[in-house]
Amino acid sequence: MAGAAIEERAVEVWGGRLTMRVRIAGSGPPLVYLHPAAGLHFDPFLEALGADWTVIAPEHPGTSAGDPEAIHAVDDLWDLVLVYQEAIAALGLERPAVAVGQSFGGMMAAELAAHDPALFERLVLLAPIGLWREDRPIANWIMTPPEELPALLFKDPGCAAAQAMFTPPEDPGEAVAATAGLVWALGCTGKFVWPIPEKGLSRRLHRVRAPTLIVWGADDALIPSAYAAEFGTRIAGSRVEILPDCGHIPQLERAAETLALVRGFLAG
Amino acid sequence: MTATPSLIGSAIGYATETEGLDVAVYPVGRSLGKAREPVRVAEEYAMIDCISGGRLMAGFPVGLMFDAAINNGVPPIEVRRRYEENMRLVLRAWSDPEPFAWNGRFTQLPSVNIWPRPLQKALPVWITGVGNPATMRLALENNFGFNYFGWFGSELTASRVFARFREVADAAGIPANPNRLAFMASVCVGETDEEAERVYGPHLEYFFNKGPGATSLGKLAIPGGISLPGIRFLLEDQAGDFGFAHEMRHAGIGRILEVGAAVVGSPATVAERLAGIARGYGVGNLVVMLKMGSMPRDLVADNVERFAASVLPRLRAETMGDDAPHRWWPERLGGSPEPAGAALRGAA
């Protein structure tokens, strides 16, 4: 599936005030992927999922190329949940999708599943944000200096996946565009979680009815893996998997194990 | 420049009024990008205007990002929008003769009815910026004065920032009247250049090393606080607008003086340098800061005394603004201020 075409669709939502760009790849039943704070990147994990699923990945408002000011059409988290719900509805899926969300996208997936319990058939949360424990504070990734990000996101900052993520493009113009895009994406997603990424999800998680898989890296330096159990106890019947020797992005740092877990779970 | 501008402004307003000093009171500012009680800000400034007998210049910076986002928890991407809404509310609270309801995004109030009202019919409003053209446009379109400062090293940044202001003014079709521009400088006056450098040097180093130098650029540029085109500009420009900010933490007095981050020397040197800044950048107002860092009280008093006695008369001999009435200066001090905020009110 590597190198397969990624279709791009624009769906109008929010009473015509916002056009959301959605990237679609692969084939099979629908799988909604909600990206992390840094924006949408079609990584090997998504490419692999595309073998069995039609991966449908909306871009968070403001993070789509050429439309940065779109973020200002969405005021708060409630707006944002409704915007995503409208976008999924506008895609006209023939059956309820399964959903996978990573980090910020994990919180969004959980918010959507709590708001509209029939929206997703199954739910996979990869190290989601959204809860807060005073004894285990979540690192402020938005303020983390760029040179400290590899160690925040990966157990082994020297691993190939980390190198691939943090090696800037050779072309200086592309490098500037990539850095600026990353910074702006952190600002656009940060709008809904600054200054503390806890906006009441703990009071809403009981509404999630979709069978849920929670995957966490044991050595997550951004959100301690203790949060896996916090999600697990609040979502009835959910399953928690902790991967050893793994940081905040299990689908990249422990790609094979994570893919096997997700595939097995989604196949039901 | 202080953490509690209204408190200090009221003390200065009272002291200067009882001493009979006809000077403007200019708190550089209540940052409205962070303010969660904008009506209280409107009342505090109105009270300072009353205490000072109508000598307030109302400074409202958007605010430093770390202060708004970290100290006050405002999402960085909302700081500028909060500023604009708060500014609209403050200006209307000062000018609307009737109580009104306010249905804003950040503030909702059933009835706004401030007490006291400002003494001045048209309070001069000033905004301090670091070079963002959006802030310059905001100042021009709303009849605010625009204040820029020398801490980043005026030799490195001032000419480009003031040139940009003129470009923005030209594009907006608004004359860049020198009276609407101010330059704010840390100023140290000694008997001779050598003495000034020796006496004030350690205090300037303390100030730059432990004050602005201790704030990392990352905390001034938190993601979301700068628009996407702004980020690209800063990356491609290699942060030239921030001058020697990245060196401040460890800068010695030689470097501080070399980049023009402070104006230091004998009365003649200081007067010549400040007049040169005003002429060179087309600036009609100078804001001088005579106390900084670890300066002891007596040295501050010496500095104020020397500036007033030996520098000010030389500067007054210069013609700084143009001949037209000064429209960003309190009426009681000879200005003819006009109402501020037209564009913001139009956007409401």
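Visitor: Among contacts in chain B between residues at least 6 apart in sequence, what share joins residues at least 24 apart?
Guide: This is a predicted model, in which local features need pLDDT of at least 70, side-chain atom pairs count only at pLDDT 80 or more, and totals for chains, interfaces and linings use all residues. Residues are numbered from 1 along each chain as its sequence is written, while chains are lettered from A and ligands numbered from 1 in the order in which they are written. Two residues are in contact if their C-beta atoms, placed from the backbone, lie within 7 Å. In chain B, among such pairs at least 6 apart in sequence, the share joining residues at least 24 apart is 74%.

Visitor: What part of chain B counts as buried?
Guide: A buried residue has 20 or more other C-beta atoms within 10 Å of its own. Of the 348 residues of chain B, the buried part is 47%.

Visitor: What does the C-alpha trace of chain B span along its principal axes?
Guide: The span is given along the principal axes of chain B. For the C-alpha trace of chain B, the figures are about 60 × 50 × 40 Å.

Visitor: Is helix 11 of chain B roughly parallel or oblique to helix 12 of chain B?
Guide: Helix 11 of chain B covers residues 267–281 and helix 12 of chain B covers residues 297–316. Their axes (lines fitted to C-alpha atoms over the stretch in contact, with angles from 0 to 180 degrees between N-to-C directions) are 9 Å apart at an angle of about 45°. Angles under 35 degrees count as roughly parallel, over 145 as roughly antiparallel, 65 to 115 as roughly perpendicular and the rest as oblique. Therefore helix 11 of chain B is, relative to helix 12 of chain B, oblique.

Terms used
Helix = DSSP H or I, 4+ residues; strand = E, 2+ residues; numbered from the N terminus. Buried ≥ 20, exposed ≤ 12 C-beta atoms within 10 Å, placed from the backbone.
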